[in-house]
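Biologist: I am new to this structure and would like to go through its charged side chains with you. Could you take my questions one at a time?

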Amino acid sequence: MYEVRVEADFSAAHFLQDYHGKCERLHGHNYKVYAHVRGSMLDESGMLLDFSELKHALRNVCALLDHYNLNDFDVFKQNPSAERIATFIADKLLEMLPFLVNKNDGSTFLYAVDVFETDTSRARYIVE
């Protein structure tokens, strides 16, 4: 099995409505996002997939969130946690690159999306 990873970033504000602590107040993060793709077959060039295609898609998805208050997005249900952001990004990547849907045949597929709120705090969504 091979795995490749690309990264992108965005800056956004949010607050967690159903959380009791400092994160219930409006604040911001410089998010870092990793997209992991796995597969067991390489193409004729010896690559799992073209890094630039995945990187371009991930940057486009992150641009949808960049410099917004994430609570304004209905999809996050007023609680844009790192977990929900990771799920959103994975879903958007699969819309943009539908060939990354896991067909359970060893082909290339989106495996996981990591969202870092800080250098030491990450949420991972594993695509099933």
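This is a predicted model: local features need pLDDT of at least 70, side-chain atom pairs count only at pLDDT 80 or more; totals for chains, interfaces and linings use all residues.

Biologist: Is Glu7 buried, partly exposed or exposed, and what is the class of Lys32?

Modeller: Buried means under 20% relative accessible area and exposed means over 50%, so a residue in between is partly exposed. Glu7 has 34% relative accessibility, while Lys32 has 31%. Glu7 is therefore partly exposed, and Lys32 likewise counts as partly exposed.

Biologist: How many residues apart are Glu95 and Lys92 in helix α2, and what does that spacing amount to in helical turns?

Modeller: Glu95 forms a salt bridge with Lys92, and the closest N and O atoms of the two are 3.6 Å apart. Glu95 is exposed, with a relative accessible area of 55%, whereas Lys92 is partly exposed at 25%. Both belong to helix α2 (residues 82–96), where they are three residues apart, which means a separation of about one helical turn.

Biologist: Arg122 forms a salt bridge with Asp114; is Asp114 buried or exposed?

Modeller: The closest N and O atoms of Arg122 and Asp114 are 3.3 Å apart, and a salt bridge calls for such atoms to lie within 4 Å. Arg122, at 45% relative accessibility, counts as partly exposed. Asp114 has 3% relative accessibility, and because the cut-off for this class is under 20%, Asp114 is buried.

Biologist: How many salt bridges does the count come to?

Modeller: With the cut-off of 4 Å between nitrogen and carboxyl oxygen, the count comes to six.

Biologist: Turning to Tyr2, what distance separates its C-alpha atom from that of Leu42?

Modeller: Tyr2 has its place in strand β1 and counts as partly exposed, at 40% relative accessibility. Leaving aside neighbours within four places in sequence, Tyr2 is in contact with Val37, Arg38, Gly39, Ser40, Leu42 and Leu48. Tyr2 and Leu42 are 40 residues apart along the chain, and their C-alpha atoms are separated by 8.5 Å.

Conventions. Residues are numbered from 1 along each chain as its sequence is written. Side-chain values use heavy atoms; hydrogens and water are left out. A salt bridge is a side-chain nitrogen of Lys or Arg within 4 Å of a carboxyl oxygen of Asp or Glu. Buried means under 20% relative accessible area, exposed over 50%, partly exposed in between (1.4 Å probe, protein chains only). Helices (H or I, at least four residues) and strands (E, at least two) are DSSP runs, numbered from the N terminus. Contact means heavy atoms within 4.5 Å.
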